[in-house]
Amino acid sequence: MNCPVKGKAWATGASPLCASGKGARQGTRAPPYLRAFLSNPHSMLDTAYLRNHPEEALNRLSKRNIDAEGLLAKAAGLDEKRRSTQNALDALLAEMNDHARSIGELMKAGKKAEAEEARARATELKEGIAAMKDQLAAAEKALHEHLWTIPNTPQERVPAGKTPEDNQVVAQHGELPRLAAGAKPHWELAEEYGLFSLELGVKLTGAGFPVYTGQGAKLERALIAFFLDRATEAGYMEVIPPLLVNADSAFATGQLPDKEGQMYHATADDLFLIPTAEVPITNLFRDVILEAGALPVKRVGYTPCFRREAGSYGKDVRGLNRVHQFDKVEIVRIEPPERSDAALEEMTAHVKGLLEALELPYRQLLLCGGDMGFTSAITYDMEVYSGAQQRWLEVSSISNFETYQSNRLKLRYRGEDKKPRLAHTLNGSALALARIVAALLENNQTPQGIRIPNALQPYTGFGMIVKK
RNA sequence: GGAGAGGUGGCAGAGCGGUUGAAUGCGGCGGUCUUGAAAACCGCUUUACCCGCAAGGGUAACGGGGGUUCGAAUCCCUCCCUCUCCGCCA
């Protein structure tokens, strides 16, 4: 089995799907969370969609840098096998039910001999049923395991492409800062002003765990409060979720099995530290059928985020550019399909508003098919310009997952006809803190100190970061 | 961590191993009645998969998994969870 996708999210290659075949998932050898998932009748792409819109699915999936045709053809075959097996089993079970019912009636009527006869026939049926059940289980397993390997189908407007080079810049705003010669990167500023320390983090934990201090800590807290307030004003309900989730939750939003190696795993209790608030907040709606009036659902949550980032190294990870623990405010929406595109644009506009309030130059990227996350149908990345490093830093990723997550979540809503159907889920960072801090510090450094944007001053209580 | 009780439909709450997908009550929806509303009365009211243009039909599900049986919500095993009491504790 080849790993079908090499996105940036798979730097570790630790996915059991991509590793070396199926050993990890077989029978009783599968870890508990995989067994739990095997029992879940839902997979990722909706088989009904694949069956009813084969051409559209193929067109969309072809944007990815994968063998879309082969994957879909195999899925169609496995789906067909599953359905025919289920038909056969259902017929056998119906026959068995007839026997069982008539035996009961015959017993009541005192016709013992006839009852015995029927019982003998029923006993014969049992073997065939057991065998057919095994076949169905095997067919379902084969189908689901295959579906797990197929990423979400990109929307029409997503550009085809393989690498970040193929992403499209769809908007840019703000002047790039012209810093004086000798402008310092944020990690040097942090030392100079006592804002955060990675060395102390090493002592306490290990590399990539910053300790914020003094005005640095206050700035962090101010940004969190600012982002939460802005989201609340925009109609998002605030949530403070658990920071540890169980395997069911990690599966439902797609972190497992695809990104297993990216999460910290508390093995004693089989819990995972969340890599993003998306996981607990979206899972609030697992196994839920929302009434039509309940949509749209808009939630916002601040949480620390934990990412192992195994395999990352080099200059990209200096300072706050890439750390194992960072703060993030996340917005999550649940929408009916016809409104999810508009919701994505609203979320993007919200994020732009935040960046403009912080006076940070930014650009908006429409990710190409090859660079998008596994579960996304369309993704915008927002990047801010970090003046001293002279590079763009990703501070937000805003995605529409359409029904890909909701199919696993079993998250549905009732349409006008009262029938349950899969909702669309979306989420986006609004915003990720660490890199915002990096850009703020670098872009606003002056000989007198580091200037705090006006919008943030009510939250920090100071307008300038100064040396002690 | 120790001891006990329990997990059934939106909620509450029944259920001798045999038309029990599941009594009853509440809630919800529709209707009758009414100038309107309430009350009363009548009917309806889970989800998934499969077959079918549809009407309709089949199968599955009573915390999860497994077992006994012709047949299990009802019996057995196991796991999970919840509640109560004790201990510990921000």
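Glu145 is buried, at 9% relative accessibility, and it still has a charged partner: Glu145 forms a salt bridge with Lys141, with the closest N and O atoms 3.6 Å apart. Lys141 is partly exposed, with a relative accessible area of 31%. Please keep in mind that this is a predicted model.

**Salt bridges**

- A search of the whole structure finds 21 salt bridges.
- Glu145 and Lys141 are four residues apart in helix H5, about one turn of the helix.
- Helix H5 also holds Glu116 and Arg119, which are separated by about one helical turn because they are three residues apart.
- Glu116 and Arg119 form a salt bridge in which the closest N and O atoms are 3.5 Å apart.
- Glu346 and Arg333 meet through their side chains in a salt bridge of 3.0 Å, N to O.
- This pair links distant parts of the chain, since Glu346 sits in helix H11 (residues 337–357) and Arg333 in strand S10 (residues 325–335), 13 residues apart.
- Arg333 is buried at 4% relative accessibility, whereas Glu346 is partly exposed at 43%.
- A network of salt bridges links Arg51, Asp79, Glu80, Arg82 and Arg83.

**Around Ile103**

- Ile103 lies in helix H4, and with a relative accessible area of 14% it is buried, because the cut-off for that label is under 20%.
- Leaving aside neighbours within four places in sequence, Ile103 is in contact with Ala115, Ala118 and Arg119.
- From Ile103 to Glu116 the C-alpha distance is 8.0 Å, across 13 residues of sequence.

**Meeting RNA strand B**

- Arg82, Gln86, Asn87, Arg412 and Arg414 come nearest among the 22 residues around RNA strand B.
- By class, the residues of this surface are nine nonpolar, five polar and eight charged.
- Sugar or phosphate accounts for 71% of the atoms of RNA strand B within 4 Å of the protein, and bases for the rest.
- Phosphate oxygens of RNA strand B lie 3.1 Å from a side-chain N or O atom of Arg51, 3.2 Å from one of Asn97 and 3.4 Å from a polar side-chain atom of Lys126.
- Helix H4 (68–109), helix H5 (112–148) and strand S14 (411–414) are the elements giving two or more residues to the surface near the strand.
- H4 provides the largest share of that surface, 13 residues.

Definitions and conventions
Residues numbered from 1 in each chain as written. Chains lettered and ligands numbered in written order. Predicted model: local features only at pLDDT ≥ 70, side-chain atom pairs only at ≥ 80, totals over all residues. Heavy atoms only, no water. Near = heavy atom within 4 Å. Polar contact = N/O pair within 3.5 Å; in protein donor to acceptor, adjacent residues only side chain to side chain. Nonpolar A, V, L, I, M, F, W, Y, C, P; charged D, E, K, R; others polar. Buried < 20%, exposed > 50% of the residue type's maximum accessible area, 1.4 Å probe, protein only. Contact = heavy atoms within 4.5 Å. Salt bridge = Lys/Arg side-chain N within 4 Å of Asp/Glu carboxyl O.
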